[in-house]
Amino acid sequence: MYFKAMQIDHNPNEPSHAALKIIGVLTAVIVLAVAVPVTFGVRWVAELLPSEAVGAFGIAFMVFAAGFFAGRWDAARQFRTPGRDE
């Protein structure tokens, strides 16, 4: 009799499809379990603060984000090839 060898459909160094599905479901559950209380907490705090303070925090966050991305763009310039304009 002739028996075919069992073929593996994935790299043995990587997780299986079933493991990836379990990881995905657990990740979704954990994200929801954390996101819901945090969302309600942030909303509760924002309702307690005056609207001017919430606006100031929003503006400060946008200024911080703009400065962060400008700094990253400036840092990325060091990796460009000299003499090559992109």
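**Helices, salt bridge and nonpolar patch of a predicted chain**

E47 and R43 both belong to helix α1 (residues 17-48) and are 4 residues apart, about one turn of the helix. The model is predicted, so that local features need pLDDT of at least 70 and side-chain atom pairs count only at pLDDT 80 or more, while totals for chains, interfaces and linings use all residues. Residues are numbered from 1 along each chain as its sequence is written, and side-chain values use heavy atoms, with hydrogens and water left out.

The secondary structure of the chain consists of 2 helices and 0 strands, where helices (H or I, at least four residues) and strands (E, at least two) are DSSP runs numbered from the N terminus. The accessible surface of the chain is about 8300 Å², with 70% belonging to carbon and sulfur atoms; accessible areas come from the Shrake-Rupley method with a 1.4 Å probe, and for residues only the protein chains shown count as cover. Of the 86 residues, 0% count as buried (buried: under 20% relative accessible area; exposed: over 50%; partly exposed: in between; 1.4 Å probe, protein chains only).

The structure holds 1 salt bridge, defined as a side-chain nitrogen of Lys or Arg within 4 Å of a carboxyl oxygen of Asp or Glu. E47 is joined to R43 in this way, with the closest N and O atoms 3.3 Å apart. E47 is exposed at a relative accessible area of 56%, and R43 is exposed at 54%.

A nonpolar surface patch of about 830 Å² is formed by I59, F61, M62, V63, F64, F68 and F69. Patches are made of residues with over 30% relative accessible area and no salt bridge, like charges being joined within 9 Å and nonpolar side chains (Val, Leu, Ile, Met, Phe, Trp, Tyr) within 5 Å. M62 lies in helix α2 (residues 51-76) and is exposed, with a relative accessible area of 55%.

The whole structure contains 1 aromatic pair. The ring centres of F68 and F69 are 5.4 Å apart and the planes stand at 75°, so the pair is edge-to-face (centres within 6.5 Å for Phe, Tyr and the six-membered ring of Trp; planes under 30 degrees apart stacked, over 60 edge-to-face, the rest tilted). F68 is partly exposed at 43% relative accessibility, whereas F69 is exposed at 56%.
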